[in-house]
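I set out to record what I looked up in this structure, entry by entry. The sequence and the model come before my notes.

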Amino acid sequence: MAGTGGPGARELPAPGVSLPSIAGPTVALFAGGGAVWALGAWLALAGLAPLWLTIGLQSVATVLLFTVAHEAMHHAAGRLTTVNALLGRLGMLFVAAYGAFPPVRHLHLEHHRNPGGRADVAGWTARAPGWQLPLRWLTVDFWFMWHYLGRLHHRPAREVHETTAVATLAIAAMCTAIASGHGWELLVLYLVPQRIGLALVVVLFDWFPHRGLPACLGPDRLQVAWVHVGRDRLAGALTLGQNYHLVHHLHPAIPFYRYRQVWRRNVEAYLDLGVPVRTFGGRELSAAEYRSSRWFPPRPAAVPPAEPPPRRLRVFHSLLVTEVERVGADAAAVRFAVPDELATTFDYVAGQHVTVRALVDGVPLRRSYALCPAPPGELRIAVKRVERGPFSTVVTHTLRPGDRLDVLPPSGDFTLEPDPRRSRHYVGLAAGSGLPPILTMFATALDTEPHSRATLLYVNRSGSTTMLAEEVSALAKRFDGRLRVVHYRTDEQDPELRKGRDFQPVDAISEVLAVTHEQFVRGRLDTARLSALLDGRLHPAKVDEWFVCAPRTLAEHTLHVLAEHDVPAECVHHEPFDVDTQPEPVAELLTRRADPPIRLS
């Protein structure tokens, strides 16, 4: 095993901002927007203010309440799904009562997934001839309707039913108001302010941040929106943070009131990546111009670099095998004793692996295996037998306590270094022998970080071939709800499936994580199931880091789905598999050893 990675074309800096359970400023904005709207309606009905003032107040309220709905679209109103769903639907009543929240969210997220595509609203409202722009701003809801109707037959039934019900009720209410002689009130209290408010929303969220930039196709989001610098207090108040709209595209789950904080914290990295910057007045700035301007945040005092840790000598050491334990029908856990004089050499970070070397039938072989949880002074690896895999076959069938194997010191970047001050939600997706590094990382993190939790999605063919199944169950019980495990069993002939042991139907997948600490699901973890989890209990706003260690096809599908759901690339860690089929190249072997490898058979 080696390497890490994630979706996206270039590595982005981590935002360094966590999301609260409920975003207080967003809730306050909703209350304030509702109050402004109610004030304008009261003044108009009581005749205490001219219509231009009341319509202006309610138009501004539309912008405020759309901002709340926009936060909910990205699950940025807090970690609680119910809060986001409620605020999104309530906000949409003031923005466009006939438009349900789910379809608007779907099309808006399409703007993030495919900037410059056919369904990109910014392309329609920001990249058009100037004389057409006001008309497009005033009719943007019709654009949404047109595009959504074109894909209606592909949308989930629940979403279609809600969309139909909301549109029917809203139109019926408007017709009732007109029929009862309240058409004028409907016009001045809702339709006119809503139309003007929609145009202001488009200016603020589409035209202002995207104007003058080319359509950005593909996964690179760095050129899709501007950062507007200067006059930060005024600009932030007038635009509700959208002067840093690019930060929103790079980190969609960050709440609007923290865009500037994230920008200033990571400004050097953003500039190195070539993001577009202009002044609030509209003048484009190069990275050098911005760095030399009065708007550039002052740099912190230079901290002298820490002394790099001494490099460990990468040579093999002969370690004694103290235990070979069966941990599945075709897997074994091997435990090594580490002598006191090598304790520092074999110290490791959770997630790292060791390379094991031996002669098998006269052929020099070397394989890498992730380290499993083990007490101090010991190393432990889990080996799953691969069909026609010479090394794994010998280890799982021939190796015995008292044998010795050559082992390199631990290495690898697929790691998790816990911090007891953190409170995070980790999600791991493992298949087969991809479990050990994730299990070690989660066990270490949950031991060290008392306020963190983890979710493990574990894919296997059957119960009998599930590696370390008993250890996984024991950890789930030990951490008492802080570790939730969902097993996916792909072999429909698995005896455990026929017993019906707590296996969940497909339509219950999104609720599995709320039922118990360990659950079982029939079939594969396909893209539809993973998407359902990402739209619900594993929404990107609820997960701080993803760890993926699975065969190539499953890993690629997973990374693709995570990218489609705007999971930041810096939050995704991926470890590819080694394959136990090819003998070690002799030339490489000779350059990496001082002694001949130990003979196993």
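**Entry 1: cysteines.** A disulfide is taken here as a pair of cysteine sulfur atoms within 2.5 Å. In general terms, a disulfide is a covalent bond between the sulfur atoms of two cysteines. I searched this predicted model with that cut-off, and the structure holds zero disulfides. I then looked up two cysteines by name. Cys549 is buried, because its relative accessible area is 0% and buried means under 20%. Cys571 has a relative accessible area of 14% and is buried as well.

**Entry 2: confidence.** I noted an average pLDDT of 84 for the protein chain. A score of at least 70 is reached by 85% of the residues. Where does the pLDDT stay under 50? I found this over residues 1-9, for which the model has 32 contacts beyond four places in sequence. Residues 579-594 also have a pLDDT below 50, and this stretch has 27 contacts in the model beyond near neighbours in sequence.

**Entry 3: helix α3.** Helix α3 runs over residues 81-96 and has 16 residues. I read a span of 22 Å from its first C-alpha to its last, close to the 22 Å expected at 1.5 Å a residue. Which residues of α3 are buried? I listed Val83, Asn84, Leu87, Gly88, Gly91, Met92, Val95 and Ala96. They lie on the same side of α3, because they cover an arc of only 150° around the axis. An α-helix has 3.6 residues a turn, so residues three or four places apart point the same way. On the other side of α3, I found Thr82 and Leu86 exposed. The cover over the buried residues of α3 includes α1 (24-46), α2 (51-73), α4 (101-113) and α9 (183-210).

**Entry 4: Asp206.** I next turned to helix α9, where Asp206 is placed. Is Asp206 buried or exposed? Asp206 is buried, as its relative accessible area is 7%. Beyond its neighbours within four places in sequence, Asp206 is in contact with Val121, Ala122, Thr125, Ala126, Val201 and Arg211. I also looked up Arg127, which is 79 residues from Asp206 along the chain; their C-alpha atoms are separated by 9.6 Å.

**Entry 5: His249.** His249 is in helix α11, residues 245-250. I recorded a relative accessibility of 2%, so His249 counts as buried. What does His249 touch, leaving out residues up to four places away in sequence? I found His111, His112, His210, Arg221, Val224 and Ala225.

Methods: Residues are numbered from 1 along each chain as its sequence is written. This is a predicted model: local features need pLDDT of at least 70, side-chain atom pairs count only at pLDDT 80 or more; totals for chains, interfaces and linings use all residues. Side-chain values use heavy atoms; hydrogens and water are left out. pLDDT is the predictor's confidence in each residue, from 0 to 100. Contact means heavy atoms within 4.5 Å. Helices (H or I, at least four residues) and strands (E, at least two) are DSSP runs, numbered from the N terminus. The expected span of a helix is 1.5 Å times one less than its number of residues. Buried means under 20% relative accessible area, exposed over 50%, partly exposed in between (1.4 Å probe, protein chains only). The arc is that of the directions from the helix axis to the C-beta atoms.
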